[in-house]
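Biologist: I am just starting to read protein models. Could you walk me through this one, a piece at a time?

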Amino acid sequence: MASIRIPAAADFHVHLRDGSMMETVVPTVRQGGASLAYVMPNLVPPITTVEQALAYHSKLQALDPSVAFLMTLYLSPGITPSVIAAAAATGKIAGVKSYPKGLTTNSDAGVVDYASFYPVFAAMEEHDLVLNLHGESPSSETTTILNAEETFLPTLLALHERFPKLRIVLEHCTTAAAVEAVKKCGPTVAATITAHHLYLTIDQWADNPHCFCKPVAKLPSDRQALLDAATSGDPRFFLGTDSAPHPKSAKIGSKSGKLAAGVFTQPYAVQYVATAFDRLGKIDKLKAFVSEFGRTFYKTVEKGWEKADDLAKDSVILEKEPGTVVVNEIGEGEGTVVPFMAGEKLWSVRWL
């Protein structure tokens, strides 16, 4: 199959930043074939109030009114059951994101003890908001970035057992163990899979800063498990790119001496997935993974965030030839960002 027409994609995990970086990145959502973006709250300061989330939504909508932006709150002590009720009433806030303290970008205000948030989770269950989990455990004598996801999985299972009606998404799965854990759960638990984790293993990020993200890519067997899940037709697995732009200087020459974690995939989101699926001879599985399963889990039409008639009309065509070559850089000056697989050829996308 040399071309395929699908409804516009929905990306259920994006980092759109703020300020000048936001202005650079937001236009690339639609460029990458998506008409819906589920926006992460780890700004500086993080989005911890309904008012902050609505103000952020307004800024994003002003930059591109053709994209549906679904907002999230950052799980922190200020998030209470009453805040959850208020968030649900806005019709714009769809979930709450949990970051383990100190594990990834702007996570210093993250979670240490999940039990302290049980009343919040109960309120989310009642008001039908989604809990988005960055599924890693803090580093210790027995936990490193290579097994941090696997050691977190008992927490996922325990939360699901305690709150069986709470919709939970295990974000950016990277291991075969994570895929199997999600499969053990009921239909209220799902997982996002990124575009870059369909390509990467530990070998790539070990010597290429533009392939370094958290959670890190793991073994070839883990990558294969992600490919299998993404092309399986199982509706519990869908696209969430975790596209995370950082200035080029933060990736190759940070003044702090630390390497920023994040892979920037937004401008070519659907193209990366199409190319990976095509290599497996499973391009026919693309539509469900990028356009349908996530929307069904999040109830985007049911909740009024999208209209079924619009989804039927808003389509893209992906073509294998002549394809498109990923540019080397996006943005200018200190805001320059290097996209994933710069210089490599992918399927192309165009809007109808």
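Biologist: Which residue in S11 is the bridge partner of Glu319?

Modeller: This is a predicted model, in which local features need pLDDT of at least 70, side-chain atom pairs count only at pLDDT 80 or more, and totals for chains, interfaces and linings use all residues. Residues are numbered from 1 along each chain as its sequence is written, and side-chain values use heavy atoms, with hydrogens and water left out. Strand S10 (residues 315–325) and S11 pair in the antiparallel sense over six bridges (strands pair if DSSP finds at least two bridges between them; strands are DSSP runs of E with at least two residues, helices runs of H or I with at least four, numbered from the N terminus). In S11, the partner of Glu319 is Ser348.

Biologist: Is S4 enclosed or open, and how many of its residues are buried?

Modeller: Buried means under 20% relative accessible area, exposed over 50%, and partly exposed in between, with a 1.4 Å probe and protein chains only. Ala68, Leu70, Thr72 and Tyr74 point one way from S4, while Phe69, Met71 and Leu73 point the other way, and all are buried. Strand S4 (residues 68–74) is therefore largely enclosed by the rest of the structure, the buried count being seven of the seven.

Biologist: Which residue in S5 stands opposite Leu73?

Modeller: S4 has parallel bridges to strand S3 (residues 34–39), three of them, and Ala37 stands opposite Phe69 there. Four bridges join S4 to strand S5 (residues 93–98), again running parallel. In S5, the residue opposite Leu73 is Val96.

Biologist: Are H4 and H5 roughly parallel or roughly antiparallel?

Modeller: Axes are lines fitted to C-alpha atoms, for helices over the stretch in contact (heavy atoms within 4.5 Å), and angles run from 0 to 180 degrees between N-to-C directions. Angles under 35 degrees count as roughly parallel, over 145 as roughly antiparallel, 65 to 115 as roughly perpendicular and the rest as oblique. The axes of helix H4 (residues 81–90) and helix H5 (residues 118–127) come within 8 Å and cross at roughly 25°. H4 and H5 are therefore roughly parallel.
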